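Reader: I have a structure open and would like to go through it piece by piece. Can we start with the helices and then move on?

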Amino acid sequence: MPYIIDRRLNSKNKNTVNRQRFLRRYRKQIKKAVSEAIGKRSITDMDRGEDVSIPREDVNEPVFGHGPGGRRDFVLTGNKEFVTGDRIQRPPPQGGGGAGEGEASDSGEGDDDFVFQISQEEFLEFMFEDLALPNMVKRQLADSSEFKLARAGFSEVGSPSQLNVVRSLRSAHARKIALGGKKRRRRKELRLELEGFVEPLTEAEESRKKVILDEIDVLSRKINAIPYIDEFDLKYNLTVKLPQPSPKAVMFCLMDVSGSMTEEIKDTAKRFFFLLYLFLKRNYEKIELVFIRHHNTASEVNEHDFFYSRETGGTVVSSALTLMDEIIQERYSPSQWNIYAAQASDGDNWQGDTEKCVELLTEKVLPCVQHYSYIEIGKRPPQELWYSYKEIQGGIFKDRFDLKAVQDNTQIYPVFRQLFERGVS
Amino acid sequence: MSRREPISTGPDWTFELLEQYDQEIARIAKEKFKLDTYANQIEVIRSDQMMDAYASVGMPVSYNHWTYGKKFVSTEKNYSRGRMGLAYEIVINSDPCIAYLMEENSMTMQALVIAHACYGHNSFFKGNYLFRTWTDAEAIIDYLVFAKKYIADCEERHGVDAVESLLDSCHALMNYGVDRYKRPLPISAEAERARQKEREHYIQTHLNDLWRTIPDTAKQIDEPQRKTFPEDPQENILYFVEKNAPHLESWQREVVRIVRKMAQYFYPQRQTQVMNEGWATFWHYTILNEMYDEGLVNDAFMLEFLTSHTNVVAQPEYDSPYYSGINPYALGFAMMTDIRRICENPTDEDKRWFPDIAGSDWLETLHYAMKNYRDESFIEQYLSPTVIRQFRFFALEDNEYKSTIDVTAIHDDEGYRRVREVLSQQYNLSSNEPDIQVYNVNIRGDRSLTLRHYQHNDRPLNEETDEVLKHMRRLWGYDVRLESFGDNHQAKVFEA
């Protein structure tokens with residue numbers, strides 16, 4: 001009889017391990033493909049998988065085989081015009097059309113790369129590999145809103161819904177054995193003695209039997225009086241509430257939208273913000289975004305306005321920092337939130353404002369944040385802001401302040417990596 | 001015979017229908033055509049599971065290695081791009097014989113697959129002499145489970161990298177891990193486990209003696225001049241490594257052995273592609289036609305079946321862009337059908353070429369051919385002028401010393417024999433794979449190993465040779481040389 005089995009419900013991904021092994025082996029190539037892809041991709045689709053191609057010879061597994069040369073006889077199908085003795089011009093060595101590939105192995109043929117796809121998750125995995133958030137220490141434990149229930153053994157008290165039947169009955173059973181043990185043993189002895197009597201009985205035996213029967217009766221009653229289950233036996237599942245570390249983070253995006261910022265520069269900045277956002281998202285459960293744009297005054301705006309609305313005006317960077325400080329005071333207490341900030345600018349600033357910026361940063365902002373990164377975008381030599389910021393970097397906040405110069409889109413990812421490289425702190 | 005009602009008419013299949021079809025097919029296969037099979041185990045799977053099965057070369061369990069991951073990602077990619085369809089079935093040479101059916105198949109396709117795999121391939125596995133001698137259908141699944149577990153344990157104990165690189169090396173030499181002539185002893189998986197420990201111990205002691213460095217004075221006096229070691233060249237390189245490599249640890253020897261066993265298991269399949277597929281195709285064709293004659297299936301069923309069958313046995317011509325060698329389904333099916341024709345309606349030509357079988361009982365003749373041949377000998381024996389004409393085969397000679405490729409024979413009276421001979425050689429594994437054997441080990445000196453390659457028709461080794469030798473060196477632990485001998489002159493020496 002045939003045996004028909006429905007395997008469709010079996011788990012899929014039987015090859016997950018093998019796939020992982022493969023990715024592990026070609027990590028280097030995949031990483032390269034990923035970082036190239038990031039350079040090419042538009043900002044809105046960082047969040048998907050990617051085709052990775054690896055040179056065919058790298059994935060080839062060598063085996064002994066025949067190379068070209070020597071003498072070889074072979075048969076082909078579909079003869080149309082040839083007769084015995086025909087001489088055919090040798091086709092050019094590569095590929096060789098249809099001629100004679102009948103049994104030759106097809107490995108080693110063709111220069112096509114080995115192409116495969118990695119999933120979105122794997123893509124991000126490779127993208128942020130070896131990166132760590134600086135100062136990711138502040139995890140908010142006091143925030144009591146998030147709890148996780150966890151098993152913690154058994155308890156004598158509890159609500160009926162938590163009753164553990166097996167444990168309760170087990171303990172009742174033990175109690176019954178313990179309380180009735182002596183009586184049971186006595187009853188057993190008496191019963192044995194009773195069995196020892198052989199008919200016909202003498203008078204003495206007769207009376208002895210009666211006594212025994214009476215005692216057995218009493219014992220049985222006592223044994224049966226032991227309650228089947230007692231308050232004392234009840235056991236309850238004990239669950240405890242564990243405070244869940246619920247890491248919350250807020251990310252401040254600061255950008256200069258003054259006249260000197262071109263669309264191109266803004267696009268580059270957007271990429272940087274996006275990468276940072278993706279990265280934070282992988283590390284924190286909850287993430288809030290605050291967009292602050294500024295020219296000579298700063299305002300908090302939504303994402304769309306932040307990137308797309310056009311403003312002109314001068315540049316006063318300190319206005320943005322002041323606003324950020326206010327928002328932190330108001331909404332994001334540093335004891336509750338992990339605060340990250342990224343500032344993008346072309347480096348322009350109002351003369352005389354830079355000093356104020358440095359002061360604001362070192363006194364108000366930096367003490368609150370986990371990390372503050374500044375990127376200066378543009379092909380020009382570093383501007384005023386850069387030099388002043390550079391000094392901060394040498395100061396006491398050097399572990400949480402970083403700055404990098406970026407020229408165009410393709411540099412965003414490498415710069416991002418440099419900023420968040422898992423340090424040897 | 002009275003015509004019966006069709007079993008089903010729609011394209012959808014159900015488990016009940018599968019069972020009914022299977023019953024009818026089994027009846028026809030067994031009673032009418034005397035197909036002797038292992039018990040069948042039909043498993044319905046999804047397409048992604050089919051891809052899983054593809055990646056592990058059709059085995060239901062397999063140890064983990066990146067090469068399977070590589071196959072998997074490339075199958076996945078090609079399939080999702082629509083560049084390839086998946087096979088309708090995969091069948092495993094085991095007892096019970098496991099056949100995978102895809103859930104996407106229509107009822108017709110499921111019936112085709114059942115006839116093809118569960119009765120065609122299955123009876124081939126059970127009947128053909130190569131499978132009978134070289135594989136043990138009963139034990140293979142158990143052995144695979146053992147192998148998977150063993151390798152997983154090794155990974156845990158010695159690290160994934162160590163195991164992976166060892167497997168890489170073994171895979172490189174996998175084709176040289178088979179006994180071509182010596183018969184293996186069938187052994188069950190349980191015995192295997194028990195013997196594995198024993199072997200571990202034995203090999204270590206045995207080896208130490210071979211590699212003894214302290215002179216054994218008493219012995220040495222009697223010992224005549226030592227001959228080469230091994231005394232005779234060894235064709236099974238992996239076996240030689242397993243038994244004699246100086247520094248492999250016992251778990252490494254066991255891993256070599258596992259790869260070797262797998263190679264041996266697949267060896268018959270590599271030698272009987274044309275026959276196996278031809279046989280299975282012939283039977284699904286014959287059985288389903290029989291069902292039609294009995295009225296068990298309707299016209300719509302037959303049309304769908306024939307479309308699919310025609311695709312399977314299509315043979316593009318050599319200058320077609322779709323040409324990728326000779327289609328084993330096409331050639332096998334044509335030859336099987338032709339044998340039947342020769343038996344039933346022989347022409348004068350057939351009587352001249354096949355006096356033994358012309359006019360004989362076709363079923364018996366076909367069974368005999370299935371049982372006692374492999375591709376090479378099957379073609380040599382049974383390829384008829386009719387089939388040669390049908391495929392318009394022509395033989396060519398590609399000689400590097402000539403500026404042209406010469407047509408040596410075509411499908412005409414003078415050419416049949418030559419075409420048949422050349423085609424038969426094309427399926428001869430021993431001339432397709434370079435003939436490389438372990439020739440000598442310098443046991444008294446630097447322990448280097450020498451392999452010898454005897455060139456066939458002066459064909460040199462390919463570019464990957466150096467890479468393979470590096471793997472060989474990793475397994476052997478000392479220098480490895482490969483001497484490649486031409487027909488008349490000593491050719492290249494490779495070293496690693």
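Author: Fine. This is a predicted model. In chain A, the axes of helix 5 (residues 165–196) and helix 6 (residues 203–225) come within 10 Å and cross at roughly 155°.

Reader: Roughly parallel or roughly antiparallel, then?

Author: Angles over 145 degrees count as roughly antiparallel, so helix 5 of chain A is roughly antiparallel to helix 6 of chain A.

Reader: Left-handed or right-handed crossing?

Author: Helix 5 of chain A passes helix 6 of chain A in a left-handed crossing.

Reader: Which residues make the contact?

Author: From helix 5 of chain A, they include A:Gly180, A:Lys183, A:Arg187 and A:Leu194. Helix 6 of chain A contributes, among them, A:Lys209, A:Ile212, A:Glu215 and A:Ile223.

Reader: What joins strand 4 of chain A to chain B?

Author: Three bridges link strand 4 of chain A with strand 5 (residues 404–409) of chain B, and the two run antiparallel. A:Ile88 has B:Ile405 as its bridge partner there.

Reader: Now the sheet in chain A. What is the strand order?

Author: The order is 10-9-8-11-12-13, six strands in an open sheet of chain A with mixed pairing. Strand 10 (298–301) and strand 13 (401–406) of chain A are the edge strands. Neighbouring strands of this sheet are turned by 20° against each other on average, direction ignored.

Reader: How many bridges between strand 8 and strand 11 of chain A?

Author: Seven, joining strand 8 (residues 248–256) to strand 11 (residues 338–345) of chain A, which run parallel. A:Val250 is paired by a bridge with A:Ile339 of strand 11 of chain A.

Reader: Which strands does helix 9 of chain A lie across?

Author: Helix 9 (residues 317–331) of chain A lies across strands 8, 9, 10 and 11 of chain A, at about 150° to strand 9 of chain A.

Reader: And helix 11 of chain A, which strands?

Author: Helix 11 (residues 384–394) of chain A lies across strands 11, 12 and 13 of chain A, running at about 145° to strand 13 of chain A.

Terms used:
Residues numbered from 1 in each chain as written. Chains lettered and ligands numbered in written order. Predicted model: local features only at pLDDT ≥ 70, side-chain atom pairs only at ≥ 80, totals over all residues. Axes fitted to C-alpha atoms, helices over the stretch in contact; angles between N-to-C directions. Helix = DSSP H or I, 4+ residues; strand = E, 2+ residues; numbered from the N terminus. Parallel < 35°, antiparallel > 145°, perpendicular 65-115°, else oblique. Left-handed = near helix turned anticlockwise from the far one by under 90°. Contact = placed C-beta atoms within 7 Å. Pairing = 2+ DSSP bridges.
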